[in-house]
Amino acid sequence: MPVAVVVPVSPRLPGLLGPAGWVALADRPLAALPGAAATADVLRAAGREVTDVPDASAAAALPGEVAVLTGPGEEVPGAPVVEGTPEPPGARLLDVVTVMDRLRSPGGCPWDAEQTHASLRGYLLEEAHEAYDAIVDDDPVAMREELGDVLLQVVFHARVAAEAGPERRFDVDDVAAELVEKLVRRHPHVFGDAGPRDVAGVEAGWEEIKKAEKQRRSPTEGVSRSQPATAWGTALVRRAARAGLPTPEPAELGSSSPEELGERLLAVVAAAAQRGWDAEDALREAVRRYAGELDAEAHRRSAD
């Protein structure tokens with residue numbers, strides 16, 4: 001008896017079938033090629049009988065009009081095919097989680113197994129910088145690779161956290177859930193009843209929501225100290241200005257363009273190097289002092 005229909009299924013989403021897939025399986029004997037083993041197991045647990053077969057010819061030899069479950073790359077020549085499992089965007093992220101679980105589990109990679117949040121933190125910065133460079137270079141091939149490396153760090157840290165004690169434990173689903181909740185909460189013009197907003201209104205609303213959520217006492221709170229000193233200083237100056245706190249006296253730039261400003265900054269770096277100074281360290285120390293001044297002023301105002 002020829003195969004009646006072929007139903008491709010996803011190894012990432014075992015047991016999940018679209019409407020056409022369920023209709024195709026109804027009242028037919030079922031066979032599963034090796035790539036569909038996970039879905040076959042789920043169907044058996046639900047009470048359906050499924051025969052494991054090694055290939056299409058073995059499935060065709062079964063009695064009745066058989067519906068054959070197939071996995072990626074498996075084909076049954078001459079048989080009609082219906083869509084079994086329409087994979088949603090992001091389904092391959094499940095593969096990332098599965099691979100990381102294998103690497104961290106007994107019998108996996110010894111290097112991956114011994115890593116901690118502390119041992120991995122440098123890689124997170126390194127991969128973020130490499131992704132940044134790929135974006136600056138406008139190189140889509142490099143972007144795809146480097147963003148994957150950043151994603152690896154997120155999944156890696158989440159997997160390490162999943163093995164922690166009860167008070168420190170979280171997993172990748174917790175990370176995703178908190179991100180989704182934050183995005184929905186901070187976009188009331190999309191997911192709520194705040195009404196339409198332009199870009200300026202979106203930015204202002206985002207800051208208002210963050211302020212209410214975080215209950216921060218100083219504009220320095222929540223600003224990364226590990227970022228380059230120029231970025232750190234820029235973030236503090238912008239936050240201080242929004243909060244009505246003092247900002248450093250701006251240097252006179254005249255009609256300089258961003259390119260000319262860059263040349264002037266480079267000249268300062270070169271002059272510092274000639275004296276054996278590190279311009280980054282010098283700026284970082286100045287920003288650190290400014291952060292302390294902001295904290296003191298914010299504390300003074302809150303005490304008044």
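Tutor: Ala, Val, Leu, Ile, Met, Phe, Trp, Tyr, Cys and Pro count as nonpolar, Asp, Glu, Lys and Arg as charged, and the others, Gly among them, as polar. Keep that in mind for this predicted model.

Student: How do I read the largest pocket, and what is its volume?

Tutor: Rolling a probe the size of a water molecule over the atoms shows where empty space is left. Here the largest pocket has a volume of about 990 Å³. Its lining has 26 residues, and those closest to the centre are Thr230, Thr234, Ala251, Leu265 and Leu283.

Student: Which elements give two or more residues to that lining?

Tutor: They are α11 (229-243), α12 (258-274) and α13 (279-303). The largest share is that of α13, with seven residues.

Student: How do the lining residues divide by class?

Tutor: There are 18 nonpolar, three polar and five charged residues in the lining of the largest pocket.

Student: Two of those helices, α11 and α13, also pack on each other. At what angle do their axes cross?

Tutor: They cross at roughly 20 degrees, and the axes come within 9 Å. Angles under 35 degrees count as roughly parallel, so α11 and α13 are roughly parallel to each other. The crossing of α11 past α13 is left-handed.

Student: Which residues make the contact?

Tutor: From α11 they are Ala229, Thr230, Trp232, Gly233, Leu236, Val237, Ala240 and Ala243, and from α13 they are Glu280, Leu283, Arg284, Val287, Arg288, Tyr290, Ala291, Leu294 and Arg301. By class, the contact of α11 with α13 has 11 nonpolar, two polar and four charged residues. Thr230 and Leu283 were already named among the residues closest to the centre of the pocket.

Student: Now α6 and α7. Are they roughly parallel or roughly antiparallel to each other?

Tutor: The axes of α6 (residues 117-136) and α7 cross at roughly 160 degrees and come within 8 Å. Angles over 145 count as roughly antiparallel, and α6 and α7 are therefore roughly antiparallel to each other. The crossing of α6 past α7 is left-handed.

Student: What residues meet there?

Tutor: On the α6 side they include Leu120, Leu124, Ala128 and Ile135, and on the α7 side they include Met143, Leu147, Val150 and Phe156. The contact of α6 with α7 divides into 14 nonpolar, three polar and five charged residues.

Student: And what is the angle between α4 and α7?

Tutor: Helix α4 (residues 93-104) packs with helix α7 (residues 140-162) at an angle of about 50 degrees, with the axes 10 Å apart. That makes α4 oblique to α7. Here α4 passes α7 in a right-handed crossing.

Student: Which residues of α4 and α7 meet?

Tutor: Leu93, Val96, Val97, Met100, Asp101 and Arg104 in α4 meet Leu151, Leu152, Val155, Phe156, Arg159 and Val160 in α7. By class, the contact of α4 with α7 has nine nonpolar, no polar and three charged residues. Phe156 and Val160 of α7 also meet α6.

Methods
Residues are numbered from 1 along each chain as its sequence is written. This is a predicted model: local features need pLDDT of at least 70, side-chain atom pairs count only at pLDDT 80 or more; totals for chains, interfaces and linings use all residues. Side-chain values use heavy atoms; hydrogens and water are left out. On a 1 Å grid over the protein atoms alone, a cavity is a set of points where a 1.4 Å probe fits but cannot get out, and a pocket is an open set with protein on both sides within 12 Å along at least five of seven lines; lining residues have an atom within 4 Å of a point. Grid points are joined across faces, edges and corners, and a volume is the space filled by probe spheres set on the points. Helices (H or I, at least four residues) and strands (E, at least two) are DSSP runs, numbered from the N terminus. Axes are lines fitted to C-alpha atoms, for helices over the stretch in contact, and angles run from 0 to 180 degrees between N-to-C directions. Angles under 35 degrees count as roughly parallel, over 145 as roughly antiparallel, 65 to 115 as roughly perpendicular and the rest as oblique. A crossing is left-handed if the near helix is turned anticlockwise from the far one by less than a right angle, and right-handed if clockwise. Contact means heavy atoms within 4.5 Å.
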